[in-house]
Amino acid sequence: MSADKGLLLTNTLTRTKEKFVPMDESNVRMYVCGPTVYDYAHIGNARPVVVFDLLARLLRQLYGANHVTYVRNITDVDDKINARARDEGITIRELTEKTAAQFHADMAQLGALNPDIEPRATEHIEEMKAMIETLVERGFAYVADEHVLFNVPSMPEYGELARRSLDEMVAGARVEVASYKKDPMDFVLWKPSGEGEPGWDSPCGIETPGRPGWHIECSAMSAKHLGETFDIHGGGVDLTFPHHENEIAQSRCAHGTPYMAKVWLHNGFLQVEGEKMSKSLGNFITVHELLDTDKVGGRKWDGEAIRYTLLQTQYRQPIDFTVKGLAEAEKQIQRWGDLFRKLEVVPSENPQPSAVVIEGLLDDLNTPRAFAALHKVARDARGGDKAAAQELADNLAFLGFNPKGWAEQQEETASNANVDPELAAFVEDLIGKRLDARRNKDFAESDRIRDELAAKGIVLKDSKNKDSGEIETTWSLA
Ligand code: AMP
Ligand code: ZN
């Protein structure tokens, strides 16, 4: 068996689409930078989670379920965390635990599996300190004013990933010009902690307790769980510089290796309704708001529709996330769910993807091509071809969807005809009141009505009427 399965990936290091050949096909190793846990994940943060979840599924398909190690860290030491905990009047630990739990709940609804290993920065402080000491011993880092700094000029290859000029890098890194730095590009490996900040015994003979910089966390955790070198390192394109450039510098210099990861993958950015997502523009959308509140488009959204939407664009391309796109994804899911209901199809126990779908994914995770192939299969299924419907369901399950759930939802909608008319009138009345509340943008009231009905075992589902653009609500008994 060859380790070359025909997978092509665009490597940021070389800027080319390359054949992927793992270093060890019995253990294909991937590291992805995970969340800094101080706030809800926004819809942009969900993109790398969904993209690399799909890549992990593809790698398991190609190399075997037990031959892939996917590591995604949790950054639970960071100045943003300290500030937020102070604002909320809770401990850092309470904040990071609460936020990590919410992150897991949100991502599970998007069909993302947990990574194989999810290391936390605060549980790897000793590994970080050891790495920092090695970097100082080898002359790549120095102690100054109770900080430990990586000396950028000591590594001639610095900047190879970002491919930027020194001037651009200085500007891009928004470097802090501190008097104790030997070079303006030098970055922090360790810094002193003040009163009320989390701190650990410092390395390199520094007396004051301190805490690690962000970049060293990923270098230490990836080395511990995947080794000094590994196959794939991923994250959003914004992390290319300085975060990934600095990870490479630290890891290569500490281990004396010619590379850190062989392939560097970066997902493109997500914007919302044509604009960069930002708190100040008021278009900042969290996954939690989409799933659990009526804030976006006046209704709650299904996590699978979000996954579907994110996968309609190839991972390297920018995405414009729109409510219209989400509603279309949902309609598609409903149509296919109805097809599975009518043809009585559920995914196989061990669903296998079709060759055409794999072909699309092998070409640098070309998900639009994979979905185009699925639409062809769906056309046959709509004509009543049960084998085609089975193929469609199996592919969707492989891609991380739950087509069985889609069929069951359609089942519920179809079976409301038998419900007690008095109950039906009561529910319809409240649905009307909720739509009014939403038109008045009283989302608290609309959420309250939804919760009141949920307490009675009634589940609402909203969708947009394609012709009128109005929101319509259907309901079912849970
Ligand atoms: P952060 O918590 O900011 O470090 O981001 C976590 C992950 O989400 C990183 O991989 C980022 O590159 C990625 N990310 C952040 N914002 C966006 C966005 N708007 N679109 C796509 N990816 C993003
Ligand atoms: Zn990282």
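Colleague: Which element gives the most to the shell around ligand 1?
Modeller: H1 does, with 3 residues. Keep in mind that this is a predicted model.
Colleague: Which helix and strand each supply at least two residues of that shell?
Modeller: Helix H1, residues 43–63, and strand E9, residues 230–236.
Colleague: How many residues surround ligand 1, and which are the closest?
Modeller: There are 13. The closest are Gly44, Asn45, Gly236, Asp238 and Leu270.
Colleague: How do the shell residues divide into nonpolar, polar and charged?
Modeller: 4 are nonpolar, 8 polar and 1 charged.
Colleague: OK, polar atoms next. What does the side chain of aspartate 238 do with ligand 1?
Modeller: An N or O atom of that side chain sits 2.3 Å from an oxygen atom of ligand 1. Asparagine 45 also has a polar side-chain atom 3.2 Å from a ligand oxygen.
Colleague: How much of ligand 1 does the protein bury?
Modeller: 85% of the 480 Å² that ligand 1 exposes when taken alone.
Colleague: Switching topic. What domains is the protein divided into?
Modeller: Domain 1 covers 272–417 and domain 2 covers 419–477. Their centres, taken over C-alpha atoms, are 23 Å apart.
Colleague: What area do they bury between them?
Modeller: About 1500 Å², with 45% of it on carbon and sulfur atoms.

How values were computed:
Residues numbered from 1 in each chain as written. Chains lettered and ligands numbered in written order. Predicted model: local features only at pLDDT ≥ 70, side-chain atom pairs only at ≥ 80, totals over all residues. Heavy atoms only, no water. Near = heavy atom within 4 Å. Polar contact = N/O pair within 3.5 Å; in protein donor to acceptor, adjacent residues only side chain to side chain. Areas by Shrake-Rupley, 256 points an atom, 1.4 Å probe, with all protein chains shown as cover. Helix = DSSP H or I, 4+ residues; strand = E, 2+ residues; numbered from the N terminus. Nonpolar A, V, L, I, M, F, W, Y, C, P; charged D, E, K, R; others polar. Domains from an automatic or database assignment. Buried area = accessible area lost by both parts, 1.4 Å probe.
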